[in-house]
Amino acid sequence: MAASIETAIKPSGTLFSRVALAYAPAMGHTPDDSALMLRYQDGDISAFETLYRRHNDPLYRYLLRLCRHRDTAEDLFQEVWGKIVKARASYRPTAKFTTFLYRVARNCFIDHLRRNKRHMSGAELEEDLQPHPGEPLEMATERSLAKERLSKALMDLPDEQRDVFLLHEEAGLSLDQIALVTGSNRETAKSRLRYAVNKLRAAIDERPERQ
Amino acid sequence: MSNERDNRGEDQRLADTYKALANERAPDYLNERVLRMAGGQRTPYMRARAWMRPVAWAATIGLSLAIVLEVTRLPQVAPDSISIAAPDISKARDSRLERKDNGAAEARTTTPATVSPIESATDLKQNRAATPAADRNERLSKDEFVPKGLTVLRDAEDMARAQAGSDQGPTASRSDTDEASAERPLAEAMTPDLAAAQPIAAESVATDEVSMDEPASAAAFATMTNANKRVSGPPCSESVRDVPESWIACIRELEENGQEDEARSEYEEFRRVFPNFERLDTDK
């Protein structure tokens, strides 16, 4: 990973527009996603590798939670990155790369829903609820139960609220960026996120209240 | 305030719980597949990029050097190329000058009281043959519309002629050229008259004899038309020939029309028929 980052931050051969980006590593800055995408646009494969390593796991989890089906999530994951690769020639750094990436992912998911309306199956995702090794049994049990309840509450959330929550937690997007990705306004995104958080918090706190 | 802090703490707890829950990673085979796809889908431009730029630079520099060399060499090459093209240019200029001379000769023949038509034509040719270069240069220097570059062409032409003809001097060649070009305007002047006077059959014979697609010279065309005219009959009719005065008038008319050869032949015929006929003052 470190090696790939080092290779990725080597200055590219582009003369004019990428000069500032090429000098960024020397100044101790990590190249941002747009710079890496532009370098990949110029044929720098290592830049894409860096970009991919940065976003592959969050995107995978986002799709996994959104689809609730592992195989579908993997198919969509490949489809999304395929579109990113194909779109590199026309990519312009007008917005944050993460916004672009998750917008593509969300559109892929919506297309998938439209394609497979009749064959939509129920939730299949099985969470890993095993306690961490070395963790005290009581704490591990409590954490495991909390995770279980959270997982269930997450699956029960309406699609829009789950989408907004995942974009906020996995992609780290702000409300404005979430609004951009989902095609809604900021207030709608904020409202959906607040509803989702409240429901999930309630789900986590459910057990102590009962006790 | 405390409510807000509680919310923040709850949000943090929720985030931590979610982080503990969501610890899946993209499978390795998916990573490999995606990276292979990204590396494999290299455009032709990306593949050629390693060697394209140096080659493009080299080609640009080479092309620029070639253009610069060509431009710098052009003035040195120019005189030779002009000397090669000189004969055609000189012919064109000669014919143009002769056309002017012919106009002047016609103007002179309009004053028949002083010069005999046939003699004037002969003298004109002799004068042209005697002083071609000096006469031409004089006329060119007087011509206001001669471009300055033409003097260069003239020099190149003289050089080419001097180089070309050791067996045939420039004067002789020029006199030949002048003679040929002297016949050219005559033929050109005759052509419209012939078109009106000659029968269609004669024209068809002429077109069979000579291919008009070729760049036939005006002199050759003049010879052909003269031959056609001979076939079609004498210029002056028999009734005109019966009376010496009318025959002389016909000859003068031919001379005025620029048909010098016909006029000369008619005059010789006239002298053969009427050897003792005394010239009028106007015929001199």
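Trainee: What should the 19 residues of helix 6 of chain A span at 1.5 Å a residue, and how far apart are its end C-alpha atoms?

Mentor: This is a predicted model. Helix 6 of chain A covers residues 97-115 and should span 27 Å; its end C-alpha atoms are 27 Å apart, which agrees.

Trainee: Which residues of helix 6 of chain A are buried?

Mentor: The test is a count: a residue is buried if 20 or more other C-beta atoms lie within 10 Å of its own. In helix 6 of chain A, the buried residues are Phe97(A), Thr98(A), Thr99(A), Phe100(A), Leu101(A), Tyr102(A), Ala105(A), Arg106(A), Phe109(A) and His112(A).

Trainee: What do the buried residues of helix 6 of chain A pack against?

Mentor: Their partners in chain A are helix 3 (33-41), helix 4 (45-67), helix 5 (70-86), helix 8 (159-169) and helix 9 (175-182).

Trainee: How is a pair of packed helices read, and at what angle do helix 8 and helix 10 of chain A pack?

Mentor: Two packed helices are described by the angle between their axes and the distance between the axes. For helix 8 and helix 10 (residues 186-204) of chain A, the angle is about 90 degrees and the axes are 8 Å apart. That makes helix 8 of chain A roughly perpendicular to helix 10 of chain A.

Trainee: Which residues meet where helix 8 and helix 10 of chain A pack?

Mentor: Helix 8 of chain A brings Glu160(A), Gln161(A), Arg162(A), Val164(A), Phe165(A) and His168(A). From helix 10 of chain A come Ala189(A), Arg192(A), Leu193(A), Tyr195(A), Ala196(A) and Val197(A). By class, the residues of this contact are seven nonpolar, two polar and three charged.

Trainee: Where is Arg68(A) found, and is Arg68(A) buried or partly exposed?

Mentor: Arg68(A) sits in the loop between helix 4 and helix 5 of chain A. Arg68(A) has 18 C-beta neighbours inside 10 Å, so it counts as partly exposed. The phi angle of Arg68(A) is near 65 degrees, a positive value in a residue other than glycine.

Trainee: Why do the buried residues of helix 12 of chain B line one face of the helix?

Mentor: An α-helix has 3.6 residues a turn, so residues three or four places apart point the same way. In helix 12 (residues 260-273) of chain B, the buried residues are Glu260(B), Glu262(B), Ala263(B), Glu266(B) and Tyr267(B). Seen down the helix axis, they fall within an arc of 155 degrees, so they line one face. The face turned away from the buried side carries the exposed residues Glu268(B) and Arg272(B).

Trainee: How many residues does each chain give to the contact between chain A and chain B?

Mentor: The contact takes 28 residues from chain A and 25 residues from chain B. On the chain B side, the elements that give two or more residues are helix 1 (2-21), helix 2 (28-40) and helix 3 (44-109). The chain B residues divide into 13 nonpolar, five polar and seven charged.

Terms used
Residues are numbered from 1 along each chain as its sequence is written. Chains are lettered from A and ligands numbered from 1 in the order in which they are written. This is a predicted model: local features need pLDDT of at least 70, side-chain atom pairs count only at pLDDT 80 or more; totals for chains, interfaces and linings use all residues. Two residues are in contact if their C-beta atoms, placed from the backbone, lie within 7 Å. Helices (H or I, at least four residues) and strands (E, at least two) are DSSP runs, numbered from the N terminus. Ala, Val, Leu, Ile, Met, Phe, Trp, Tyr, Cys and Pro count as nonpolar, Asp, Glu, Lys and Arg as charged, and the others, Gly among them, as polar. A residue is buried if 20 or more other C-beta atoms lie within 10 Å of its own, exposed if 12 or fewer, and partly exposed in between; C-beta atoms are placed from the backbone. The arc is that of the directions from the helix axis to the C-beta atoms. The expected span of a helix is 1.5 Å times one less than its number of residues. Axes are lines fitted to C-alpha atoms, for helices over the stretch in contact, and angles run from 0 to 180 degrees between N-to-C directions. Angles under 35 degrees count as roughly parallel, over 145 as roughly antiparallel, 65 to 115 as roughly perpendicular and the rest as oblique.
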